[in-house]
Amino acid sequence: MALAFFDLDNTLVAGDTAQAFSEYMVASELPTPDDFLTVNLAYMEDYDAGTLKLDDYMRYTLSPLFNLDETQRAVFISEFIHNIVKDMALPKAIELLEQHKKAGDELIIISATGTHLVAPIAAYLGVKYALGVDIEYKDGFITGKLVGTPTFREGKVIRAEQWAKENGHTMEETYFYSDSHNDLPLLEKARFPIAVDPDQILEKTANERNWKVISLR
């Protein structure tokens with residue numbers, strides 16, 4: 001049995017679910033700052049440049065959820081998946097997931113997006129295991145603080161290895177699919193690194209290293 005790790009945003013889905021969620025929050029009745037999407041876009045540009053300060057980004061983008069309890073959050077996120085993510089999911093990505101399932105592989109979505117989104121989106125895509133940026137809760141409410149090792153850059157390697165060990169697997173037979181150069185640490189760790197509709201930096205690296213490059217669009 002191989003482990004098949006998948007990035008989420010711009011890999012299995014068309015676009016960034018965290019950004020789409022921010023836009024969804026603004027369009028809803030949740031209170032958000034007037035410049036919420038402008039600041040969000042600046043953070044996304046930092047991510048693309050590899051300079052994102054994850055703590056600051058998560059605290060800011062989570063802030064509209066601070067006053068929602070567990071039930072309210074679950075309903076809101078479920079509606080987001082039904083109304084938005086459903087149309088972002090790529091048919092070819094669903095086929096790829098099914099191929100790995102039929103091969104008997106263990107599938108894990110690993111994303112730098114918060115677990116509050118990654119876990120339910122993974123479930124919607126039919127993937128049992130999901131690793132995302134873990135956030136702190138107090139009395140059922142989000143605080144905006146991060147806990148543990150974030151699934152971002154080198155943190156994805158740490159969390160992937162930790163998950164494998166805890167679940168009785170090794171990293172010897174590992175696939176990893178991603179679009180982003182931010183995921184180079186885990187791509188380098190995987191036995192089968194696959195660049196999916198890659199950004200310019202990852203495409204250049206993949207070609208130099210003879211990694212497989214595919215499109216799910």
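What radius of gyration does the protein chain have, and what would a compact globule with 217 residues have? The chain has 17 Å, which agrees with the value near 17 Å for such a globule. Keep in mind as you browse these views that the model is predicted.

Figure 1. Start here to get your bearings. Along the principal axes, the C-alpha atoms fill a box of roughly 45 × 35 × 30 Å. Of the 217 residues, 48% are buried. If you count contacts with a separation of 6 or more, 59% of them join residues 24 or more positions apart. The accessible surface comes to about 10600 Å², and carbon and sulfur atoms own 49% of that.

**Figure 2. Helix H2, residues 36–49, seen along its length.** This helix has 14 residues. From first C-alpha to last, H2 reaches 20 Å, close to the 20 Å expected at 1.5 Å a residue. Just after H2 comes Gly50, which takes a positive phi of about 80°.

**Figure 3. The buried and exposed sides of H2.** Which residues of H2 are buried? They are Phe36, Asn40, Tyr43, Met44 and Tyr47. These residues lie on the same side of H2 because they cover an arc of only 105° around the axis.

**Figure 4. What covers the buried residues of H2.** Two helices to look for here are H1 (17–27) and H3 (54–62). Both are included in the cover over the buried residues of H2, among them Tyr43 and Met44.

Figure 5. Is Lys86 buried, exposed or partly exposed? Lys86 counts as partly exposed because its relative accessibility is 45%, a value between the 20% limit for buried and the 50% limit for exposed. Leaving aside residues up to four places away in sequence, Lys86 touches Ile81 and Tyr124. Ile121 makes a handy distance check: Lys86 and Ile121 are 35 residues apart in sequence, while their C-alpha atoms are 9.3 Å apart in space.

Notes. Residues numbered from 1 in each chain as written. Predicted model: local features only at pLDDT ≥ 70, side-chain atom pairs only at ≥ 80, totals over all residues. Heavy atoms only, no water. Helix = DSSP H or I, 4+ residues; strand = E, 2+ residues; numbered from the N terminus. Expected span 1.5 Å × (residues − 1). Buried < 20%, exposed > 50% of the residue type's maximum accessible area, 1.4 Å probe, protein only. Arc of directions from axis to C-beta. Contact = heavy atoms within 4.5 Å. Rg over C-alpha atoms; globule rule 2.2 N^0.38 Å. Areas by Shrake-Rupley, 256 points an atom, 1.4 Å probe, with all protein chains shown as cover.
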